[in-house]
Amino acid sequence: MQTTRRDFLATAGAAAGVAAAPSTAHADEADHDRQAVPSDPTLRVKALESLLVEKGLVDRAALDALVDLFEHKIGPRNGARVVARAWADPDYKRRLLADANGAIAELGYTGQQGEHMVVVENTPGVHNVVVCTLCSCYPWPTLGLPPVWYKSAAYRSRAVIDPRGVLKELGVELSEDVEVRVWDSTAEIRYLVLPERPAGTEGMTEDALAALVTRDSMIGTGHALAPGARA
Ligand code: FE
């Protein structure tokens, strides 16, 4: 689950014989994820990146920084704004749960891969978690690009078979009386989890609340941060 983008591309290249000398560690990772044959787009990306680096046109570190920006900063910060508004404004929350597209568009977040949104609310009795069992469907306008683990075969299969086990491994321990609902994203519908508002956040501004909303809490594989905690 902690595979970095760089490791993932190296694994993909090694499995396809693109890399000159695949390391044992990478081969093990490929076995672990049961994805010995990388997807065609992955191979093309790897080939393009290798060429561009070889010709001195791009810098690997710059590429990683760019992807990190979209994975961790720009995308999920939009979703965090939506969640913070829902926590702070009960009328907005009602609209969000009834018509997610309309409410999310109120904050200016629209576009490709976010055309048909559904927001599911976590409560003390219900914990929602999102997966795409088929591929990697994900709400781009609110969460940005999906993390590598979200696209992994391990997460896609195990999130459905053993959601409690997966959540526990990711640090989300739920008591037996909490119902776990797994939502399978598709090309038609993308889900966003509205995490529970942390205790001790009464009177906080929307900006301060948004800072507590992590990407994983909106996928359902984490909780929102407690005030004072750091992501
Ligand atoms: Fe998908």
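This is a predicted model: local features need pLDDT of at least 70, side-chain atom pairs count only at pLDDT 80 or more; totals for chains, interfaces and linings use all residues.
Student: What does the chain contain, and how confident is the predictor in it?

Tutor: The chain holds 12 helices and 4 strands. Its mean pLDDT is 85, and 82% of the residues reach 70 or more. Residues 12-32 need care: pLDDT stays under 50 there, and the model has 30 contacts beyond four places in sequence for that stretch.

Student: How much of the chain is buried?

Tutor: Buried residues make up 33% of the 231 residues. As for contacts with a separation of 6 or more, 69% of them join residues 24 or more positions apart.

Student: Why is Y109 called buried?

Tutor: Let's set the value against the cut-off. A residue is buried if 20 or more other C-beta atoms lie within 10 Å of its own. Y109 has 21 such neighbours, so Y109 counts as buried. Y109 sits in the loop between α6 and β1.

Student: Which residues does Y109 touch, leaving aside its neighbours within four places in sequence?

Tutor: Y109 is in contact with N78, I104, G114, P141 and T142.

Student: What makes P124 exposed?

Tutor: P124 has 9 other C-beta atoms within 10 Å, so P124 is exposed, given that the cut-off is 12 or fewer. You will find P124 in the loop between β1 and β2. P124 and E196 are 72 residues apart in sequence, but their C-alpha atoms are 7.8 Å apart in space.

Student: How do you know that β4 is largely enclosed by the rest of the structure?

Tutor: 5 of the 5 residues of β4 are buried, so β4 is largely enclosed. Both faces are covered, with R190, L192 and L194 on one side and Y191 and V193 on the other. In a regular strand, side chains alternate between the two faces of the sheet.

Student: What is the partner of β4, and why are the two said to pair?

Tutor: β1 and β4 run in the parallel sense over 5 bridges. Pairing needs at least two bridges, so these strands pair. One of the bridges joins V120 to V193 in β4.

Student: Why is β2 called largely enclosed?

Tutor: 5 of the 6 residues of β2 are buried, so β2 is largely enclosed by the rest of the structure. β2 pairs with β3, residues 179-184, in the parallel sense over 6 bridges. In β3, W183 is the bridge partner of V130.

Student: Which residues have the most contacts inside the largest nonpolar core?

Tutor: They are V83 and V213, in a core of 36 residues. Among the elements that give two or more residues to this core are α4, β1, β2 and β4. α4 gives the most, with 6 residues. Leaving aside its neighbours within four places in sequence, V213 is in contact with A80, V83, A84, P195, M218 and A224. In soluble globular proteins, nonpolar side chains tend to be buried together.

Student: How do you know that the length of α3 agrees with what a helix should span?

Tutor: α3 has 15 residues, 40-54, and at 1.5 Å a residue they should span 21 Å. The end C-alpha atoms are 21 Å apart, so the two values agree. Just after α3 comes G56, with a positive phi of about 75 degrees.

How values were computed. Residues are numbered from 1 along each chain as its sequence is written. A nonpolar core is a set of buried Ala, Val, Leu, Ile, Met, Phe, Trp, Tyr and Cys residues joined through C-beta atoms within 7 Å. Two residues are in contact if their C-beta atoms, placed from the backbone, lie within 7 Å. The expected span of a helix is 1.5 Å times one less than its number of residues. pLDDT is the predictor's confidence in each residue, from 0 to 100.
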